[in-house]
Structures are given as structure tokens and as C-alpha cells.
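Please read the points below with the model open beside you. They are arranged by topic and can be checked one at a time.

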Amino acid sequence: MKGKTLLEVGADGVAIIIINNPPLNLLSADVLFSLKENSEQALLRDDVKAIVITGSKGKFSGGFDVTAFGKKAKNGKLGFWSIEFITDILEAARKPLVAAIDGPALGGGLEIALACHARISTSSAQLGLPELRYGILPGFGGTQRLPRLVGLHKALEMILMSKFVNGDNAHSLGLVDALSSADELTKIARLWAIDILEFRRPWAVSLHRTDRLEPLAEARMILKHARITAKKQAPHLKHPLVCIDVIEEGLIHGPRAALWKESEALLELRQSDTCRSLVYFFFAQHRTSKVPGITDMGLIPRKVNTVAVVGGGLMGSSIVTALVLSNYTVILKEVNEKALLAGIERVKVNLQDHVKNGKLAEAKLNKNLSLFKGVLHYEDFRAVSENTDLKLGIFAELETYCPPYCILASSSSMVNLNLIGERTKSQYRIVGTHFFSQAHLMPLLEIVRTEQTSPQVIVDLLAIAKKMRKIPVVVCNYTGFAINRMFFPYSQAALMLVEHGIDLYQIDQAATAFGMTMGPFRMIDSVGFEVVTALNVQLGKNFGERYRESKLISVMQEDNRAGETTRKGFYMYDSGSKFTPDPDIKKYINKASSISSDSVDYELIKLSDEEIVEMILFPVVNEACCLLEDRIVVQASDLDVASVMGMGFPEYRGGIIFWADTLGSKYICSKLEKWSKTYGAFFNPCAYLAEKALKRTSLVSCHLLTFFSLILNLSNWNIPVHLH
């Protein structure tokens with residue numbers, strides 16, 4: 001029966017308890033009560049000598065159902081599951097228990113296995129405690145049992161980083177006792193349970209083991225270092241530090257006392273704002289690939305074997321790297337042999353960096369390198385830049401050479417896809433694939449469709465994104481698409497504040513203290529002045545009074561400053577990755593302010609860091625509302641995912657729209673109205689936001705929008721994709 005556990009007793013006297021809640025055998029209150037009932041029954045039965053716990057259909061358990069996080073606990077007697085059931089019934093059982101693990105054994109699923117007296121797994125099994133991803137901590141004893149099995153150092157790494165290990169690694173760590181093939185798993189587990197019963201194998205109680213724990217003095221140093229790292233990496237987050245405290249409690253006062261502290265911490269954390277935000281974001285990520293009118297049409301992704309990338313510059317070579325890492329065959333086309341060799345070398349360097357960082361096994365390097373080749377296909381072929389006329393010509397030319405089932409994709413965020421379509425007869429297969437620099441490192445992919453783009457093409461691109469381990473966000477074709485358009489006010493507002501007297505480094509510090517990966521000026525340096533200028537030209541043409549022109553970047557460009565690539569922008573950069581404030585920046589600010597006739601505003605200078613953050617991010621919220629109003633995105637939550645994955649908004653705040661809802665649309669709208677009276681139309685709240693403020697309704701609640709549906713019967717062939 002789905003959502004329960006099954007009990008089967010064999011002739012050998014071994015009971016098999018099967019967690020049966022497909023597809024991932026997630027835990028829930030019903031599943032746990034069923035597990036408790038069947039465990040107690042097996043322990044009472046005279047014909048049962050030992051017990052094996054496993055999962056149905058090759059999956060042990062994917063952990064606790066995430067939908068329960070962020071909510072008030074029901075029937076939440078403190079320690080009921082962790083202590084009364086898992087510790088005092090399972091682990092304290094007078095009959096040996098063995099966990100037979102295949103597939104995922106995550107979160108609460110792994111914690112149940114940790115309480116068994118032995119664990120047998122397949123080599124491919126995935127074991128881990130990812131609870132910190134959701135703003136909580138392992139609450140079924142994982143904070144105590146994992147360190148006692150693998151040592152404190154490795155346990156902290158697995159818990160704090162939500163790091164998974166496969167069965168082979170788990171065996172070498174001592175997390176599992178033996179390995180087995182999937183076919184023999186239950187059989188081996190049964191035999192192991194009998195061996196424990198007959199004293200041929202040790203009866204190990206994880207909670208009471210100390211042989212893997214470091215000496216107390218060393219353990220305290222490890223915990224101290226873990227706290228420093230946690231505070232540095234996530235200064236706003238409480239739950240990693242709470243988790244470390246709970247682990248330390250077990251080392252000092254014993255595991256039983258720590259289990260009570262773990263249960264108390266779980267009860268508090270699961271109702272926190274951080275937990276609610278992270279759980280919301282978890283589901284928002286999974287919703288991005290569900291597109292009404294596209295993915296609900298029953299279309300099957302066509303198989304894509306080969307991708308051709310035109311241009312091997314920094315972005316092109318990065319896209320090639322991402323593709324070969326995803327095992328696609330890639331053809332790189334360039335202008336001449338010199339440019340081609342440079343592009344190939346960039347790809348090699350990117351792959352070698354992956355090896356150095358431990359993201360790619362050295363043994364696989366040559367295989368990945370063999371997946372791509374460089375060609376000079378056309379006599380007068382030229383490298384692709386953001387030149388619109390050049391790109392339009394290339395697409396028209398490609399249409400002549402590429403078969404009709406080939407997808408034609410543009411990676412540019414500057415070129416209107418409708419213009420490309422006007423030059424071709426293949427509007428149905430033209431789509432935007434907007435990668436973010438660097439494409440082989442950044443997880444986000446913007447898939448841009450026009451009114452003519454075939455739903456089949458979108459489905460194909462969603463499948464490609466999945467294979468590339470990218471998070472796709474499907475958007476409609478419009479200037480800046482969604483992400484660049486949404487975040488252009490971030491830098492615009494910051495530039496305005498600087499030209500009115502606020503220290504730009506204070507603005508960046510306020511933004512990063514809030515949780516942004518980069519402040520607006522570090523972001524401009526990272527993207528590069530040339531790209532920002534080109535985007536601003538496009539935005540200035542289309543957004544009228546919502547666009548505020550600043551002279552600061554153009555003034556700095558006159559002095560050959562272009563951002564991080566030239567080692568001089570708003571910051572100074574060394575040959576490595578270090579950057580420092582530039583004392584000369586003041587002269588450029590003064591010159592830009594004089595050109596714009598902007599004077600020092602002494603009221604703005606008094607702004608607190610919190611007020612600075614509001615002034616640079618509330619216009620972003622406003623532009624996000626414009627995107628919803630214009631129906632550029634499918635659902636509001638897509639903008640939350642885009643803001644986190646594309647622009648470095650803090651994930652633990654749920655994304656830009658979710659965060660705005662926590663403040664209230666009325667509050668944001670009133671602030672924007674106030675600023676617009678003093679600083680102009682740039683701050684005017686849009687009609688969508690104003691309406692939400694008037695009705696005091698949520699911004700996130702408006703999820704699904706109706707989009708066109710267009711079915712084209714394309715051949716189900718192996719489709720090459722061309723990215724430009």
C-alpha cells in the first residue's frame with residue numbers, strides 16, 4: 001500500500017520492513033506511524049529473529065517530506081520520533097536490525113538507517129543529511145550518530161555542506177558496513193542480520209560508539225573552526241550554528257542529552273522565517289520547468305546529440321565547456337585558425353580548472369576533450385559579437401546550411417529574437433538561450449521564446465537544461481528578457497545615490513551585509529563596463545522614465561577603465577582574485593556629478609545600511625512587478641529563482657518577490673511614492689504594484705499566466721542545436 005510500510009517474514013525468521021511511498025519513499029507522519037507499528041509487531045512476534053529495513057523499488061528513502069517544513073508541527077510531542085521511537089525502540093531493540101540501502105538514503109531516511117545495528121548498501125546508493133538546505137538540522141539523531149560513525153570532521157562536512165556520499169565512499173568512511181549488488185542486497189542484509197544474532201558479526205549501537213570520535217580537545221578546535229567558517233559564509237543564518245551547538249552538546253554531556261536538544265532545536269527551526277523561505281525556494285526551483293501550454297501538452301523531448309557553438313570567445317568557450325561536461329558532442333566554429341585555437345585553449349583551461357577544483361576526475365578529462373572539435377565552416381565566417389547586423393546575417397546564413405529540424409538558438413541578451421525571425425523563414429525554431437557568465441559555472445539558463453517559437457523547441461531546451469544541470473526559466477521575448485531587465489534598477493539606483501554623495505563602497509557593503517553575493521558596483525565590474533553600457537542603450541530606448549541615465553561609467557571609460565578584465569573599474573584588481581577600493585574613484589564621481597548637475601543630498605548621506613538596501617532593491621521589486629504585469633514570465637516564483645541564481649539575491653530570503661511579500665507591497669509602494677516625489681519618475685511604482693498595495697494582496701500568489709500554444713509536427717530525429 002502506498003504511503004505505508006510493508007511487513008514480510010521469511011522462512012529464515014528475518015522480517016523485511018519495506019518503506020513504500022513511491023517514487024522516493026519519502027517519510028511522513030503516516031509512513032512513520034506505519035514503520036513504528038510494523039517494527040513493534042516484528043519485535044513482538046516469536047517467529048521473527050531479526051529485522052531488515054529497506055525501501056521499495058530500489059530507493060531506501062529520500063527523507064522527510066519537505067512540505068512539512070516551515071509549518072507548525074502536529075502531534076509534536078518533543079522527542080517522540082527521535083527518542084521514543086528511533087532510539088528507544090529501533091536502536092534499543094533486542095533483535096538485530098539491518099538497513100538495506102539502495103538509491104537515496106537522505107535526511108530522516110538515513111537517520112533511521114543510522115539507528116540500525118548494521119548498514120548494507122549498493123555502490124551507487126546516495127547517503128546524506130541535507131536538512132540545512134531547508135533551514136533546519138537533522139532531527140532524528142543524525143547530529144549524534146553520524147559523528148560517531150565517520151568522525152567529527154567528516155560529519156560536519158556532510159551536515160553543514162549538505163554533502164552526499166555514494167555507497168563506495170560511505171563504506172570507506174565506515175558509514176556502511178558492507179557493499180552488495182542491487183540484486184543481492186536484501187539477501188546479504190538478511191544473512192548479516194542472522195550473523196549478528198548468532199554473534200558472528202558485532203551488534204553495534206551507533207549512539208554509544210566513541211572509537212571514531214576525535215579527542216575532546218581536538219574536537220573543540222574542529223567545532224571552533226566550523227563556527228568561524230559558518231559565520232563567514234552565512235553571517236545571517238542561525239541554523240548552522242545551532243547545529244554545531246547540538247553536536248557539541250553530545251560530546252560534552254552525552255548523546256542522550258543532545259538528542260533532547262536536537263529535538264528542541266528542530267521544533268524551533270522548522271517554524272522559522274529562514275525555513276519558510278528556503279522551503280519556498282526549493283519548490284520554486286522545481287516549478288520553473290513546468291510551463292502551462294507547453295509542458296502539459298504531452299510533448300516528448302527530442303534526442304539532441306550535437307550542438308554547434310558559433311564563436312569561441314569568453315562566453316562561447318564557457319558554453320562549450322558546459323556542454324561537453326554534460327556529454328554533448330560540440331562543434332566550435334570560428335573566424336580563422338588563430339581565433340579557433342584560442343577558443344579551444346579556453347575550453348581546455350576551463351576543463352583543467354574543473355579537475356583542479358575536484359569537480360572533474362582527471363581520468364575523464366580526455367574523454368570530455370574528445371567530445372568537441374573546432375571547424376572553419378564558411379570561407380568568410382566571422383566571430384560572433386553583440387553586433388546585431390552581424391548576428392542577423394549569421395542566422396540567415398545558418399538557415400541555408402542547417403536542416404529544418406535543427407534548433408537555432410541565440411545566447412545574446414542584446415538582440416531581439418523577432419528581428420532574427422524577420423530575416424528567416426524559420427521563426428518556429430528560433431529561441432533564446434541566455435547563459436550567465438561563466439556558463440559552465442552559473443546554474444541558471446534563461447530560455448526565451450517568441451510568439452512563433454514551437455512548444456516542441458521549448459520542451460527540447462528544457463530537456464537540454466536538465467541534462468546540463470541548469471535551472472531553466474522560460475521567459476517571453478522582450479528587451480533585457482527577464483533577469484537583466486529586473487535587475488537594471490539595482491545599479492541605476494546605486495549610481496544615483498553615489499552621484500548624490502553616498503560612498504559607493506558603503507553601498508556595496510550594505511548590499512553584501514544584506515546577503516547579496518555582490519554589491520552593485522562589484523557586479524558592474526564583474527560584468528564589464530562594455531556589456532553594461534550596451535545593455536543600458538537598449539534599456540534607455542525602451543523604458544523611458546523608468547530608465548535613469550548616469551554619466552559615471554562613461555566618464556570612467558574615457559580613462560580606459562572597463563571593470564575587472566582591465567583590473568580597474570570601481571575597484572582595483574590584482575592578478576589573482578583580490579580586489580580593493582580605489583582612492584581615485586572620487587574624481588570620476590565628482591566629474592560625473594558636475595555633468596549631471598547632481599549635488600550632494602545631505603538627507604541621503606544620513607541613510608542607514610538598511611535604508612540603502614531598500615533604496616537599491618525596491619526599484620528591483622517594482623521592475624519585477626512590471627514583468628508580471630507584462631506577462632514576461634510564467635509565474636512570480638520564476639523571478640525569485642532568477643534573482644537568486646542569476647543575480648546573487650540571498651536564497652535564505654526566498655527570492656526578490658518572496659522577500660518583498662514579507663515586507664508588504666503597501667510598505668514598498670509607499671516608499672517608492674515618497675522617493676519619486678523627490679528623485680523623479682525612476683521610482684514611480686507601477687500599476688501592478690500599486691494595485692497589490694491597495695488590496696494588500698501577495699505578489700507571489702499570482703503564479704500562472706496563460707500563454708499561447710503552438711503545435712508544429714517536427715520529425716523526431718537526432719537534432720543538432722546551434723548556439724550563437
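**Notes on the model**

1. Helix H26 is largely enclosed by the rest of the structure, because twelve of its twelve residues are buried. Buried here means under 20% relative accessible area, exposed means over 50%, and partly exposed is in between, with a 1.4 Å probe and protein chains only. Helices (H or I, at least four residues) and strands (E, at least two) are DSSP runs, numbered from the N terminus.

2. On the source: this is a predicted model, in which local features need pLDDT of at least 70 and side-chain atom pairs count only at pLDDT 80 or more, while totals for chains, interfaces and linings use all residues. Residues are numbered from 1 along each chain as its sequence is written, and side-chain values use heavy atoms, with hydrogens and water left out.

3. H26 covers residues 636-647 and reaches 16 Å from its first C-alpha to its last, close to the expected 16 Å. The expected span is 1.5 Å times one less than the number of residues in the helix. Among its buried residues are Ser-637, Asp-638, Asp-640 and Ser-643, along with Leu-639, Val-641 and Met-645. Just after the helix, Gly-648 takes a positive phi of about 80°.

4. Confidence is given as pLDDT, the predictor's confidence in each residue, from 0 to 100. The protein chain averages 89, and 92% of the residues score at least 70. Over residues 378-386 the pLDDT is below 50, and this stretch has 24 contacts in the model beyond near neighbours in sequence. Residues 702-720 also stay under 50, with 64 contacts beyond four places in sequence. A contact means heavy atoms within 4.5 Å.

5. The structure holds two cavities of 30 Å³ or more. A cavity is a set of points, on a 1 Å grid over the protein atoms alone, where a 1.4 Å probe fits but cannot get out; lining residues have an atom within 4 Å of a point. The second largest cavity has a volume of about 50 Å³, a volume being the space filled by probe spheres set on the grid points, which are joined across faces, edges and corners.

6. What lines the second largest cavity? The residues are Phe-488, Pro-489, Arg-546, Pro-619, Asn-622, Glu-623 and Phe-682. Helices H18 (483-499) and H25 (609-629) each supply at least two of the lining residues, and H25 gives the most, with three. By class, the lining has four nonpolar, one polar and two charged residues. Ala, Val, Leu, Ile, Met, Phe, Trp, Tyr, Cys and Pro count as nonpolar, Asp, Glu, Lys and Arg as charged, and the others, Gly among them, as polar.

7. Pro-22 and Pro-23 are joined by a cis peptide bond with omega of about 10°; Pro-23 is in the loop between strand E2 (14-20) and helix H1 (29-44). Asn-327 has a positive phi near 65° and is partly exposed at 45% relative accessible area. Its loop runs between helix H12 (314-325) and strand E11 (329-333). Asn-560 has a positive phi of about 60° although it is not a glycine, and counts as exposed at 65% relative accessibility.

8. Ser-263 is found in helix H10 (residues 255-269) and is buried, with a relative accessible area of 8%. Leaving aside neighbours within four places in sequence, Ser-263 is in contact with Leu-78, Gly-79 and Ser-82.

Technical notes: On a 1 Å grid over the protein atoms alone, a cavity is a set of points where a 1.4 Å probe fits but cannot get out, and a pocket is an open set with protein on both sides within 12 Å along at least five of seven lines; lining residues have an atom within 4 Å of a point.
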